[in-house]
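Have the view open and follow along.

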Amino acid sequence: MNSRISRAAVAFVATAGATLGVTVANPSPAAAAMTICYNTSQAPSFASIANQAATIWNNATTNLTLSPNCGSNLRIYQITGGGSYAVRTSLGNGRVYIDTQQAQQYSPLRIMTHEIGHILGLPDNYNGNCAILMSGGSAGTSCTNPYPSTTEANRVSNLFAGTRSAERTSGDTGGAVFRDSWPAAPATVG
Ligand SMILES: [Zn+2]
């Protein structure tokens, strides 16, 4: 009986901690950061951009590590036209599509970090503020900021708190398709 109560108490504390986003030192292996292996074999023009974006996210967050050449949680593709977008199959897993034409108008690094942001659990936030990564193309072509805001980065860190492995298929943030993530510019009329 006592052990049952104490197990319940531990579960409650763990749940409360996760809800509050509290960082709790945890000696168990379950506390290890989730590794997100990304693969740029289908996006040769953007491999170095992807590496820069991974470094930005790794520096800005805790509980996750983006790493190249270790698997394919995140596949990155380059496409021509149609606008860049992302398909998240589950938190930390999915595909990112970079429109090569769009990457000539907008900062390719900002596009890359933005699209990866969707894979990491963030929605679009088209408020035109260049300081907000998920404002995407709404901040205009002159906006080249590739860094998530503190709020955005902390949101990602909290989503990944407690994730255990890249094999995880269900989580706080499930699958979603961001088809119009970074819409292509409308054709110029006249
Ligand atoms: Zn987007």
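Y106 counts as buried at 13% relative accessibility, where buried means under 20% relative accessible area, exposed over 50% and partly exposed in between, with a 1.4 Å probe and protein chains only. This is a predicted model, so local features need pLDDT of at least 70 and side-chain atom pairs count only at pLDDT 80 or more, while totals for chains, interfaces and linings use all residues. Residues are numbered from 1 along each chain as its sequence is written, and side-chain values use heavy atoms, with hydrogens and water left out.

Now for the rings. A search of the whole structure turns up three aromatic pairs. Rings of Phe, Tyr and Trp (its six-membered ring) pair if their centres lie within 6.5 Å; planes under 30 degrees apart count as stacked, over 60 as edge-to-face and the rest as tilted. Y77 and Y97 make a stacked pair, 5.0 Å centre to centre with 15° between the planes. Because Y77 sits in strand β3 and Y97 in strand β5, this pair ties together parts that are 20 residues apart in sequence. Y106 and W182 pair edge-to-face, at 5.3 Å centre to centre and 80° between the planes. That pair links distant parts of the chain, with Y106 in the loop between α3 (102-105) and α4, and W182 in strand β6, 76 residues apart. Y77, Y85 and Y97 form one aromatic cluster.

| Residue | Relative accessible area | Class |
|---|---|---|
| Y77 | 22% | partly exposed |
| Y97 | 14% | buried |
| W182 | 1% | buried |

On to the strands, which are DSSP runs (E, at least two residues; helices are H or I, at least four), numbered from the N terminus. Two strands pair if DSSP finds at least two bridges between them. β3 (residues 74-79) pairs in the parallel sense with β1 (residues 34-42) over three bridges, and Q42 stands opposite Y77 in β3. β3 also pairs in the parallel sense with β5 (residues 93-99), over six bridges, and R75 has R95 in β5 as its bridge partner.

H114 is in helix α4 (residues 108-119) and S181 in strand β6 (residues 176-182), 67 residues apart. H114 is buried at 0% relative accessible area, and S181 is buried at 0% too.
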